[in-house]
Amino acid sequence: MSSVILHTSMGNIAVELYRNEAPKTCDNFYTLAKQGYYNNVIFHRIIPGFMIQGGDPTGTGRGGRSMYGDKFEDEITKKLKHTGAGVLSMANSGPSTNGSQFFITLAPTPHLDGKHTVFGRVLKGMDVVERMGKVRTDTSDRPTEPVKILSCSISSSDMPVA
């Protein structure tokens, strides 16, 4: 099993990666985390009862590159769905536009099934995710006080070393 721990300004979130179902997406997230790409990156979009979104080093929601260069294809499977809180999924701007941005759900979001690649789930730290989901935001769903990924640590038995 492979996991990444996001050390955030509000506490730690450990996520399990679904390597067998979404290998390219997991490799991307794992490698970016290992390389420090997510260090000091904010959660730029938080919508209570829906999701927390981060992974864009520009902090705008319009940036971020994958380990493959720019964008890469979806790895959507009927087996993995947005069934509840704690699902880890890729943020995108349409089909096969995955980069570095990701989100963690705060509730079931079945309307996202078939549109976003699910590639993991929260193992530990769901209380942190829930607290993040309740921070004060502006009219653009941007937290009024920064919520950051300070650093990442990894645990792996089967992921590549980048």
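Ile42, if its neighbours within four places in sequence are left aside, is in contact (heavy atoms within 4.5 Å) with Gly54, Gly55, Gly59, Arg142, Pro146, Val147 and Lys148. Ile42 belongs to strand 3, residues 41-42; here helices (H or I, at least four residues) and strands (E, at least two) are DSSP runs, numbered from the N terminus. With a relative accessible area of 18%, Ile42 is buried. Buried means under 20% relative accessible area, exposed means over 50%, and partly exposed lies in between, with a 1.4 Å probe and protein chains only.

The model is a predicted one, in which local features need pLDDT of at least 70 and side-chain atom pairs count only at pLDDT 80 or more, while totals for chains, interfaces and linings use all residues. Residues are numbered from 1 along each chain as its sequence is written, and side-chain values use heavy atoms, with hydrogens and water left out.

The overall architecture comes next. Two helices and nine strands make up the elements of the chain, and from the N terminus on they follow the order β-β-α-β-β-β-β-β-β-α-β. The chain is as compact as a globular protein of its length, because its radius of gyration is 14 Å, close to the 15 Å that the globule rule gives for 162 residues. That radius is taken over C-alpha atoms, and the rule is 2.2 Å times the number of residues to the power 0.38. Taken along the principal axes, the box filled by the C-alpha atoms is roughly 35 × 30 × 30 Å. Among contacts in the chain with a separation of 6 or more, 72% are accounted for by residues 24 or more positions apart.

Of the 162 residues of the chain, 51% count as buried. The accessible surface comes to about 7500 Å², and carbon and sulfur atoms hold 49% of that area; the areas come from the Shrake-Rupley method with a 1.4 Å probe, and for residues only the protein chains shown count as cover. As for charge, the chain has 18 positive and 15 negative charges, whose mean positions are 2 Å apart. Lys and Arg count as positive and Asp and Glu as negative, whereas His and the chain ends are not counted. Each charge is placed at NZ of Lys, CZ of Arg, CG of Asp or CD of Glu.

The interior can be described through its nonpolar cores, each a set of buried Ala, Val, Leu, Ile, Met, Phe, Trp, Tyr and Cys residues joined through side-chain atoms within 4.5 Å. The largest core has 30 residues, and the members that touch the most others are Val4, Ile13, Leu17, Phe29, Phe102 and Phe119. Two or more residues come from each of strand 1 (2-8), strand 2 (11-17), helix 1 (23-34), strand 6 (87-90), strand 7 (102-105), strand 8 (118-124), helix 2 (126-132) and strand 9 (148-155). Helix 1 contributes the most, with five residues. Beyond its neighbours within four places in sequence, Phe29 is in contact with Val4, Leu6, Val15, Leu17, Tyr38, Leu88, Phe102 and Phe119. Another core lies apart from the largest one and has six residues, including Phe50, Met51, Phe103 and Leu112.

Thr109 is found in the loop between strand 7 and strand 8. Its relative accessibility is 1%, so Thr109 counts as buried. Outside the four places on either side in sequence, Thr109 is in contact with Phe50 and His82.

Lys34 and Val4 are 30 residues apart in sequence, with 8.7 Å between their C-alpha atoms. Glu130, in helix 2, is partly exposed at 41% relative accessibility. Between Glu130 and Glu16 there are 114 residues of sequence separation and 17 Å from C-alpha to C-alpha.

Ser96 is not a glycine, yet its phi is positive, at about 55 degrees. Ser96 lies in the loop between strand 6 and strand 7 and is partly exposed, at 35% relative accessibility. Asp141, likewise a residue other than glycine, has a positive phi near 65 degrees. Asp141 sits in the loop between helix 2 and strand 9, and its relative accessible area of 25% makes it partly exposed.
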